[in-house]
Amino acid sequence: MSEMFMSEGFVRRTGSICLAILLLGMLLAHQTAAADSNFAKRAETMIQGDPQGTLALAEAELKQHPRSATALGFKARTLLTLGRREEAEKTLKRAQKIDPRNAVVQYAHAKYLFETGDHPGALETFTAAGKTDPQFLWAFMNEGALAYQLKDFARSARAYERAFALDRNNPRAIFSAGLSYQSVGTMEKAAAAFRQTLEIYPDYPEAFLSLVSVYDAMKDAKSVDAAFRAEIARLPNEPAVRMAYAGWLLRAGRTQEATMLRLQSLPSYLVNG
């Protein structure tokens, strides 16, 4: 047989070696992804309150995994938080060369774009990070905030709803969705969002006052009344709620009720003095 043709044994051996290399590559990729995931969870927990600790954590991770785009992304994010923009830019460029489609890298890039004044670019990049990692809560929170700032209220509401779907105990996400719905004029959705906020966190005065203002805009006096009465029953010793209710009653022409509520809201030393 011609030497141009490989023997069956050679093919079998070569195939086994290729398979082994492929399996080893898959195993290493899986281990790297698992390490990245564990590191990302720890870093995300720390970054809000301890940027210096997060930076130290990222640098320690990079000593073990110098080509970890995730670690570089967190390092860039932290450097931006610390105001070290030039270092952040260099770190970000390194991360983008390794893996430009890494969600943490995209998020860091979005923060960089925002800080350098490219707000539309930052918005698109926050959106890209959320598409890359649909579990990335802060990508959706920042997309929502920036879309609201740029007056794209429908997009803002969608992003905040995505964030709330990821964290049902996050009153800020659903409250912000309510503000976006209110800004675009979708009052029923706004009211529903504010009610959900208060179910999660009853002591959220902004959500309560926003709910009342939406009911008022909808000309739903019955719901305004019910909301104020329920809040007064919940907080009987809170004069600010009574005064707010009195103000609404006065605007509604219910002067006598408003006056009585205002008297009830005066501090006792004035009443007794």
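This is a predicted model: local features need pLDDT of at least 70, side-chain atom pairs count only at pLDDT 80 or more; totals for chains, interfaces and linings use all residues.
Tutor: Residues are numbered from 1 along each chain as its sequence is written, and side-chain values use heavy atoms, with hydrogens and water left out.

Student: Why are H5 and H6 called roughly antiparallel?

Tutor: Helix H5 (residues 103–115) and helix H6 (residues 119–132) pack at an angle of about 165 degrees, and their axes are 8 Å apart. Angles run from 0 to 180 degrees between N-to-C directions, with axes fitted to C-alpha atoms, for helices over the stretch in contact. Angles over 145 degrees count as roughly antiparallel, under 35 as roughly parallel, 65 to 115 as roughly perpendicular and the rest as oblique. H5 is therefore roughly antiparallel to H6.

Student: How is the contact of H5 with H6 divided by class?

Tutor: The contact has 9 nonpolar, 6 polar and 1 charged residues. Ala, Val, Leu, Ile, Met, Phe, Trp, Tyr, Cys and Pro count as nonpolar, Asp, Glu, Lys and Arg as charged, and the others, Gly among them, as polar.

Student: What is the angle between H11 and H12, and what follows from it?

Tutor: Helix H11 (residues 205–217) and helix H12 (residues 221–234) pack at about 160 degrees, with axes 8 Å apart. H11 and H12 are therefore roughly antiparallel to each other. Their contact includes Phe208 of H11 and Phe228 of H12, and by class it has 6 nonpolar, 1 polar and 2 charged residues.

Student: Which residues line the second largest pocket?

Tutor: The lining consists of Ile47, Gln48, Arg77, Thr81, Tyr107, Lys111, Glu115, Trp138 and Asn142. On a 1 Å grid over the protein atoms alone, a pocket is an open set of points where a 1.4 Å probe fits, with protein on both sides within 12 Å along at least five of seven lines, and lining residues have an atom within 4 Å of a point.

Student: Which helix supplies the largest share of that lining?

Tutor: H5 does, with 3 residues. By class, the lining has 3 nonpolar, 3 polar and 3 charged residues.

Methods: Helices (H or I, at least four residues) and strands (E, at least two) are DSSP runs, numbered from the N terminus. Contact means heavy atoms within 4.5 Å.
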